[in-house]
Amino acid sequence: MALSFPRVSGTRLAVAVAATTALAVGAPAAYASLDDSGSSGSARAAAASTVSRGKPFTETRLFFGTERPDGGPAVTDKQFMAFIDKEVTPGFPDGLTIQDGRGQWRDSHGKIERERSYELILLYPTPEAGKRDAQIEEIRGDYEKAFAQDSVARLDEHTRVDF
């Protein structure tokens, strides 16, 4: 089978080459403007200050399931909030956020499991990350033991926060 290609006029080809060249030349300049490490001038400084509002913080999200693998009763709101009051609030008294959720995961037998869950969001200054890591790992372990859980998922991200 022979392949046929549409015929491209010289004008179309010239326009395509010109557009490609403009993009190739302009792209490095556009990306360079995103890098404020060597910026100078008041316009760049003003733009950088707008973009970098807030202080460096770490955001940790923990995902707590409520179904028990042993078939026992699910963790109730009252039990979860008592856990937060006892195990989390003393280490993070400045604030935290809890959201209700619905979780889904694949168990060791390949079955999709769905359950009611909680998402705990913690924000703390990035320089405290080392100290906070131990506290957070203790929270995860304590929940797993207290409520017979296989795991508590953890997500950490660096961000900037302005209160």
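Predicted model: local features only at pLDDT ≥ 70, side-chain atom pairs only at ≥ 80, totals over all residues.
Okay, let's start in the middle of the protein: the largest nonpolar core has 17 residues, and the ones touching the most other members are Phe64, Phe83, Val88 and Tyr143. As for who contributes, S1, H3, S3 and H4 each put in at least two residues.

What does valine 88 touch, once we leave aside its neighbours within four places in sequence? The list is Phe83, Leu96, Leu120, Leu122 and Ile139.

Now let me zoom out. We've got 163 residues, and 21% of them count as buried. The protein has 4 helices and 4 strands, and reading along the sequence you get α-α-β-α-β-β-α-β. Look at the contacts with a separation of 6 or more, and 69% of them come from residues 24 or more positions apart.

On to the sheet. The 4 strands make an open sheet, ordered S2-S3-S1-S4, with antiparallel pairing. Which strands stand at the edges? Those are S2, residues 97-106, and S4, residues 153-161; each has a single partner strand, so one side of each is left without a neighbour in the sheet. On average, neighbouring strands here are turned by 30° against each other, if you ignore direction.

Let's walk through the pairings around S1. Strand S1, residues 55-65, pairs with strand S3, residues 112-125, in the antiparallel sense over 9 bridges. If you want to find that on screen, look for glutamate 59 opposite leucine 123 in S3, or phenylalanine 63, whose bridge partner in S3 is glutamate 119. S1 also pairs with S4, again antiparallel and over 9 bridges. There, phenylalanine 57 has threonine 159 of S4 as its bridge partner.

Next, the helices on the sheet. Helix H3, residues 77-88, packs on the sheet and touches S1, S2 and S3, with its direction at about 25° to that of S3. Helix H4, residues 129-146, lies across S1, S3 and S4 and runs at about 10° to S1.

While we're on H4, have a look at arginine 132, which sits in that helix. Is arginine 132 buried or exposed? Arginine 132 counts as buried, because its relative accessibility is 10% and the cut-off for buried is under 20%. Beyond the neighbours within four places in sequence, arginine 132 is in contact with Gly91, Phe92 and Tyr124.

Past H4 we come to serine 151, in the loop between H4 and S4. Serine 151 is partly exposed, at a relative accessible area of 45%. Serine 151 and arginine 140 are 11 residues apart in sequence, and their C-alpha atoms are 7.6 Å apart in space.

Definitions and conventions. Residues numbered from 1 in each chain as written. Heavy atoms only, no water. Pairing = 2+ DSSP bridges. Axes fitted to C-alpha atoms, helices over the stretch in contact; angles between N-to-C directions. Contact = heavy atoms within 4.5 Å. Core = buried A, V, L, I, M, F, W, Y, C linked by side-chain atoms within 4.5 Å. Buried < 20%, exposed > 50% of the residue type's maximum accessible area, 1.4 Å probe, protein only.
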